[in-house]
Amino acid sequence: MVKHQPLQVYEKQVFVSFVTGIYGCRWKRYQRSQDDSSRWECTWFFLLCSSFFLLLFWTYFWLVAQNDFNEFNWSVYNLSGEWRDETIPILASTTVGFSYITFLMILALFHISLGQQLNLYWVHKIGVLATLLTTISGVVSVDDIWGDEWDILFISLQATAPFLHLGALATVTAVSWLIAGYVIRRERTTFQVIVLLIYIIILLALYLAPLMFTCPCIMDRHGLRPRPDIIGRRGAPMLAPENTMVSFNRALQHGASSLQADVTISVDGVPFLMRDHTLRRTTDVRKIFPSRQFEDSSFFNWTEIRSLNAGQWFLENDPYWTADTLTARDRSRIANQTVCSLVEMLRLAARANSSALLSIRKPPPEHPRYRNWFMDTLWAVQKAGISSKRVRTVTWTPDTDRGRVRGLQQTAHEKLSMEEIKQRGITSLTLHYSKASHKDIQEYLANNVSVTVYPVNVPWLYSILWCSGVPSVSSDAPQVLRKVPYPIWLMSQNAYNFIWMSSDLVSLAVVVGIFSFQKWRMSGMQNCNPEQIMLSAVTRTSSRDVNIMKEKLIFSELNNGLSSTEELSLFPENGYVRYSHGGHNR
């Protein structure tokens, strides 16, 4: 009588069970397979990778776009008519989606590393597809609402490219373990050669990538220009309601050397400060003049404008999540703010020995002051008593009627050639940061044209503009830039070249070492014959690869003619392998 014994007693594989269980809901050993993944599962792995890289791009975009969150909310307000912080749900959903997809991506890479068949669970497939479609719709929506913001991605590389390069190099170097295992472990196929060539091309591109970098902060520290002056753009709108006296006072308290304001002319010729075309967002016009809430603010007279509250909205909406940090005294003062006139702001600038930058909105053609708006503005400047002896000067923004303005610094909001600047008599430029390249800034400064860049609200952008030599920046967050006494990073060209070459050489050595080790490891496994496997089972615990080969050997023997009287048994409890024929052990 033949006594049957179990062919194999398996060791517990907790980590493998964890990886395959979460990724594909395959918690049991018999549910797993080391066969090649099906084309369907490879397609889902491709979708997972696509979701990961798209979310990586999306996450990076919102990290660097933090500089312009206020501009984004303002753009959404102009479309919807309601002011709310739309960045909060976007950041929350992006964080959740990126964390989820990254976790699945790590599990998939572990599958490949462990030689397990990919089999994504259907719940995860729905999650990956939903995340991919949501991210694509987000990209399309941002391109429609805020398309100009994509420029910040290229600008941010001036600050982040050296660090992104090192991170990408470390990642691609680590992936060489998977690539080497895939290429060496299996029989050679055309697809393997293609994978290897793509990997080599990516690796070489990363090795040479620094040749394409333009980083202003890679420079000799002795060539660093003085710290750029900070202009309080609408005061300090993150700490107090924009374009109010409290906001301008806060800006001066936090180190702003100048003040910038948006000027609108009332129907009776009084210049006042208002960014929007209507009064709905920053005043209580809905309560005081409900039937006129959508009317252009320039068609209100000064008495009506002065009767509106311009601070309560800030406390109620808390647009920058800073209202909770205000003291009771500050809250009371903000709650009683009214719309600020240009004269009040200029008088404050004069008392603080500061200068002013005015963005004046020309009234529409049907406005009573359409032909006299520049005289109204000049009258306000004279009435405020602001003098060039005490301040730098008042900056005049509109290009029209420049010939009538004397004694004031002429500026433009658009990028101009040096010939146009000389023809128009312009002495300074106020440019958006996306229009102010390092090369253009150097050309303007070499021709004694002052450049002010706006909006600059985060330290990394302030740092690269500082390294570029910009004399002044306009900021919504002077309290943030005040804490940047030096560029975030500054490195000489020689130091960066050393880091670049060293990282490339280390990466190359690691990649060559990994491929050599994988080849040696696989050649050792291929040289193992059945007798060596049997003997190794007697003396030591088998590795995963040896166990796999033992299982294949056993099933191969069973399929090649073992009769019912033959017995092949494996006794892991005592470390012996027994083969019996006709009841006799060997």
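This is a short talk on the predicted model of one protein, from its overall make-up to a few of its residues.

Some ground rules before we start. It is a predicted model, so local features need pLDDT of at least 70, side-chain atom pairs count only at pLDDT 80 or more, and totals for chains, interfaces and linings use all residues. Residues are numbered from 1 along each chain as its sequence is written, and side-chain values use heavy atoms, with hydrogens and water left out.

Let's begin with the whole protein. There are 21 helices and 12 strands. Both are DSSP runs numbered from the N terminus: helices are H or I with at least four residues, strands are E with at least two. The protein has 586 residues, and 50% of them are buried. Buried means under 20% relative accessible area, exposed means over 50%, and partly exposed is in between, with a 1.4 Å probe and protein chains only. The accessible surface comes to about 30,000 Å², and carbon and sulfur atoms hold 60% of it. Those areas come from the Shrake-Rupley method with a 1.4 Å probe; for residues, only the protein chains shown count as cover.

Now contacts, meaning heavy atoms within 4.5 Å. Take those between residues at least 6 apart in sequence: 66% of them join residues at least 24 apart.

Next, the cores. A nonpolar core is a set of buried Ala, Val, Leu, Ile, Met, Phe, Trp, Tyr and Cys residues joined through side-chain atoms within 4.5 Å. The largest one has 72 residues. Which of them touch the most other members? Phe61, Leu429, Trp460 and Leu461 do. Helix H2, residues 39-64, gives this core its largest share, 11 residues. A second, separate core has 28 residues, including Ala251, Ile265, Phe374 and Ala384.

Look at strand E4, residues 355-360. How many of its 6 residues are buried? The count is 6 of 6. On one side sit Ser355, Leu357 and Ser359, on the other Ala356, Leu358 and Ile360, and all are buried. Strand E2, residues 258-265, runs parallel to E4, and 6 bridges join them. Two strands pair if DSSP finds at least two bridges between them. Within that pairing, Gln260 stands opposite Leu357.

After H13 comes Asn353, with a positive phi near 55°.

On to H14, residues 373-384, where we find Asp376. Buried or exposed? Asp376 is buried, at a relative accessible area of 8%. Its side chain makes a polar contact of 2.8 Å with the side chain of Arg369. A polar contact is a pair of N or O atoms within 3.5 Å; within protein, one must be able to donate a hydrogen and the other to accept it, and residues adjacent in sequence count only if both atoms are side-chain atoms. Leaving out residues up to four places away in sequence, Asp376 touches Ile265, Gly269, Pro271 and Arg369.

Last topic: salt bridges. The rule is a side-chain nitrogen of Lys or Arg within 4 Å of a carboxyl oxygen of Asp or Glu. The structure holds 16. One of them joins Glu71 to Arg275, with the closest N and O atoms 3.0 Å apart. Glu71 is in helix H3 (residues 69-80), Arg275 is in the loop between strand E3 (271-273) and helix H9 (285-288), and 204 residues separate them. Glu71 counts as buried at 16% relative accessibility, and Arg275 does at 9%. Glu71 and Arg275 also belong to a network of salt bridges with Arg233 and Asp476.

A second bridge pairs Arg280 with Glu82, closest N and O atoms 4.0 Å apart. Arg280 lies in the loop between E3 and H9, and Glu82 in the loop between H3 and helix H4 (87-114), so the pair ties together parts 198 residues apart in sequence. Arg280 is buried at 10% relative accessibility, whereas Glu82 is partly exposed at 37%.

Arg361 is in the loop between E4 and H14, Asp296 in the loop between H9 and helix H10 (302-306), 65 residues apart.
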